[in-house]
Amino acid sequence: MRKFESDSPQKTESIAKEFAKRLKIDDFVSIKGGLGAGKTRFSSGIISFLCHSGKNGNIFALSPTYTIMNAYDCGIKINHFDFYRLKTIYDLENCGFFDSLDGKNITIAEWTDIIGIDYKKYIIGNYYVVDMQKDDDGKKEKRYIEIKKIL
Ligand SMILES: Nc1ncnc2c1ncn2[C@@H]1O[C@H](COP(=O)(O)OP(=O)(O)O)[C@@H](O)[C@H]1O
Ligand SMILES: [Mg+2]
């Protein structure tokens, strides 16, 4: 497990970019944490790093809360999900989550806890969990980030 402290959205993105260096096709990144913890910001860092390579500039990934999934194809295919509005495993099937795990993509998902399944059963590649927490003492831009490799 690796622990980080972030004191700005930019720092969170740079932690995410450093983490993204190890990601490969078939990997799954689950990002946990409450509303406003920085899950989308962290995702944006990953996507920006993987899609950057000089030609596309810095990508700012938008939250998939309403679209459920945003797909990026920049040589590597990345599917960025947000399960906040989902309820059942059938919703996961319908939104293409299992298809995304199946061979050709890197998959990122926010709010994975909303659906009570054992994700390990479905993952072919490496499985990372990123836990993000705000600071209780009210330091507005402080975030605690833990990255665990589960598989
Ligand atoms: N250290 C930080 N890391 C990430 N976001 C931060 C940080 N400090 C403040 N913020 C702000 O918190 C919000 C996080 O939003 P977002 O990434 O959409 O959260 P989530 O997806 O977890 O709901 C943004 O408005 C961002 O500017
Ligand atoms: Mg979000």
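Trainee: In what sense do β2 and strand β6 pair, parallel or antiparallel?
Mentor: Parallel, over five bridges, with β6 covering residues 127–134. Bear in mind that this is a predicted model.

Trainee: Which residue does Lys-32 stand opposite in β6?
Mentor: Asp-131. On the β7 side, Asp-131 has Glu-146 as its bridge partner.

Trainee: And how many bridges join β6 to β7?
Mentor: Seven, and those two strands run antiparallel, with β7 spanning residues 143–149.

Trainee: Switching to the metal. What are the protein donors of the magnesium ion, ligand 2?
Mentor: Thr-40 through OG1 and Glu-110 through OE, lying 2.1 to 2.2 Å from the ion.

Trainee: Is Glu-110 buried or exposed?
Mentor: Buried: its relative accessible area is 2%, and the cut-off for buried is under 20%.

Trainee: What about the surface? Which residues form the nonpolar patch?
Mentor: Leu-35, Tyr-84 and Ile-114, with about 300 Å² of accessible area together.

Trainee: Where does Leu-35 lie?
Mentor: In the loop that runs between β2 (28–32) and α2 (39–52).

Trainee: Why does Leu-35 count as exposed?
Mentor: Because its relative accessibility is 65%, and exposed means over 50%.

Trainee: So what sits on either side of that loop?
Mentor: On one side is β2, which pairs with β6.

Notes:
Residues numbered from 1 in each chain as written. Chains lettered and ligands numbered in written order. Predicted model: local features only at pLDDT ≥ 70, side-chain atom pairs only at ≥ 80, totals over all residues. Heavy atoms only, no water. Patch = residues over 30% accessible without salt bridge, like charges linked within 9 Å, V, L, I, M, F, W, Y side chains within 5 Å. Areas by Shrake-Rupley, 256 points an atom, 1.4 Å probe, with all protein chains shown as cover. Salt bridge = Lys/Arg side-chain N within 4 Å of Asp/Glu carboxyl O. Helix = DSSP H or I, 4+ residues; strand = E, 2+ residues; numbered from the N terminus. Buried < 20%, exposed > 50% of the residue type's maximum accessible area, 1.4 Å probe, protein only. Pairing = 2+ DSSP bridges. Donors = N, O, S within 2.8 Å, 3.2 Å for Na, K, Ca; no water.
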